[in-house]
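Biologist: I would like to learn how to read a protein model. Could we go through the features one at a time?

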Amino acid sequence: MATFPAPDGTVLAYHESGSATGAPLICLPGGPMQDSVYFDGLGGLAARRRVIRLDLRGTGASAVPEDASSYRCDRLVGDVEALRVHLGLDTIDVLGHSAGANLAALYTARHPERVARLVLVTPGTAAVGLDTTGEERLAAARRPWREGEPWFAGAYAALEDLAAGRGGPDTFQAVAPFFHGTWDEAARRRHADGHRQRNGEAAGVYGGEGAFEPAATRAAFAEFGRPVLVVAGEGDANTPVPTATAYAGLFPVSTLAVLAGAGHFPWHDDAEWFAKTVDAFLS
């Protein structure tokens, strides 16, 4: 682990692994505001690439800021830029997962000349204003390998409630299996860990009023001519394939890669496929 100062003086931590040579891949975690430890080597990508995962302020080993409003996504862009400067790099490859893709999007829109390649893994879409319909989420959930599972009926009923605008916190918990390709013991453990690793206060601020200007971000993407990879999971009810496809379509130069049998964390569903796909794109 190493540290560097954010523009407001908050001490931020990052973790580097993999090859000491080659361009680094800056990895921005989702949650939102979850400890970056959940990246867990990104399915072996760290064995192929110099991977640097950033602990966003108030998460992991990074310090809690004095000003809680600095958790807002657009204000975190300065932290990513400070990391680039600290590393002494002219350009960086950036990977954003889930809600972290919103931060990757805002960084790219504000500093397009600093982003060599952009990887968006099952991306959250608030930064670009893309909507996902309830039926698209339900269709993603209805995968053949799931429908015979003992938990499917209850989880699907909960997802139907959410799609219809009903339900509460317990309903959100009930649909957790549809974020994972396989709802096995390992997935249950990772899901439980995710709650412990997340800064709830920061998450509540992350997407607050004023954080996103979707029209401006989409306009910036239309002018962004460098390569973009969007990775989707076939069975991800959070970012279904139609949503990921629409996201990839916002860029002049993009590739969409869909992993069969996968959910919101594709590196857990097929580590070799994920590492090879991202490494090949970055190469």
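**Reading the model**

Modeller: A search of the whole structure, which is a predicted model, finds 14 aromatic pairs. One of them is Y247 with F251, a stacked pair with 6.2 Å from centre to centre and 5° between the planes.

Biologist: Are Y247 and F251 buried or exposed?

Modeller: A residue is called buried when its relative accessible area is under 20%. Y247 has a value of 0%, so Y247 is buried. F251 has a value of 6%, so F251 is buried too.

Biologist: Which residues form an aromatic cluster?

Modeller: Y38, F39, F265, W267 and F274 form one such cluster.

Biologist: How should I think about a nonpolar core?

Modeller: In soluble globular proteins, nonpolar side chains tend to be buried together. In this model the largest nonpolar core has 47 residues, and L28, L83, L103, L118, L120, Y247 and F251 have the most contacts inside it. Helix α1, residues 73-87, gives the most to this core, with 7 residues. A second, separate core has 20 residues, including L45, V278, F281 and L282.

Biologist: What is Y247 in contact with, leaving aside its neighbours within four places in sequence?

Modeller: Y247 is in contact with A101, A105, L120, P123, G124, T125, V128, L130 and F221.

Biologist: Which residues of helix α9 are buried?

Modeller: In α9, residues 241-248, the buried ones are T243, A244, Y247 and A248. Seen down the helix axis, these buried residues fall within an arc of 135°, so they line one face of α9. Their cover includes the helices α2, α3 and α8 and the strands β6, β7 and β8.

Biologist: Where is T217, and what does T217 touch?

Modeller: T217 is in helix α8, residues 214-222. Its relative accessible area is 5%, so T217 is buried. Not counting residues up to four places away in sequence, T217 touches A105, L106, A109, A127 and V128. A105 and V128 are also in contact with Y247.

Biologist: Now a strand. What should I look for?

Modeller: In a regular strand the side chains alternate between the two faces of the sheet. In strand β4, R50, I52 and L54 are on one side, while V51, R53 and D55 are on the other, and both faces are covered.

Biologist: How many residues of β4 are buried?

Modeller: For β4, residues 50-55, the count is 6 of 6, so the strand is largely enclosed by the rest of the structure.

Biologist: Which strands pair with β4, and in what sense?

Modeller: Strand β2, residues 11-17, pairs with β4 in the antiparallel sense over 5 bridges. Within β4, I52 is the bridge partner of E16. Strand β3, residues 24-28, pairs with β4 in the parallel sense over 4 bridges. There, P24 stands opposite R50.

Biologist: How do I describe the chain as a whole?

Modeller: Begin with the secondary structure, which comes to 11 helices and 8 strands. The radius of gyration is 18 Å, close to the 19 Å that the globule rule gives for 283 residues, so the chain is as compact as a globular protein of that length. Along its principal axes, the C-alpha trace spans about 50 × 40 × 35 Å.

Biologist: What part of the chain is buried?

Modeller: Buried residues make up 51% of the 283 residues. Among contacts with a separation of 6 or more, 74% are between residues 24 or more positions apart.

Methods:
Residues are numbered from 1 along each chain as its sequence is written. This is a predicted model: local features need pLDDT of at least 70, side-chain atom pairs count only at pLDDT 80 or more; totals for chains, interfaces and linings use all residues. Side-chain values use heavy atoms; hydrogens and water are left out. Rings of Phe, Tyr and Trp (its six-membered ring) pair if their centres lie within 6.5 Å; planes under 30 degrees apart count as stacked, over 60 as edge-to-face and the rest as tilted. Buried means under 20% relative accessible area, exposed over 50%, partly exposed in between (1.4 Å probe, protein chains only). A nonpolar core is a set of buried Ala, Val, Leu, Ile, Met, Phe, Trp, Tyr and Cys residues joined through side-chain atoms within 4.5 Å. Helices (H or I, at least four residues) and strands (E, at least two) are DSSP runs, numbered from the N terminus. Contact means heavy atoms within 4.5 Å. Two strands pair if DSSP finds at least two bridges between them. The arc is that of the directions from the helix axis to the C-beta atoms. The radius of gyration is taken over C-alpha atoms; the globule rule is 2.2 Å times the number of residues to the power 0.38.
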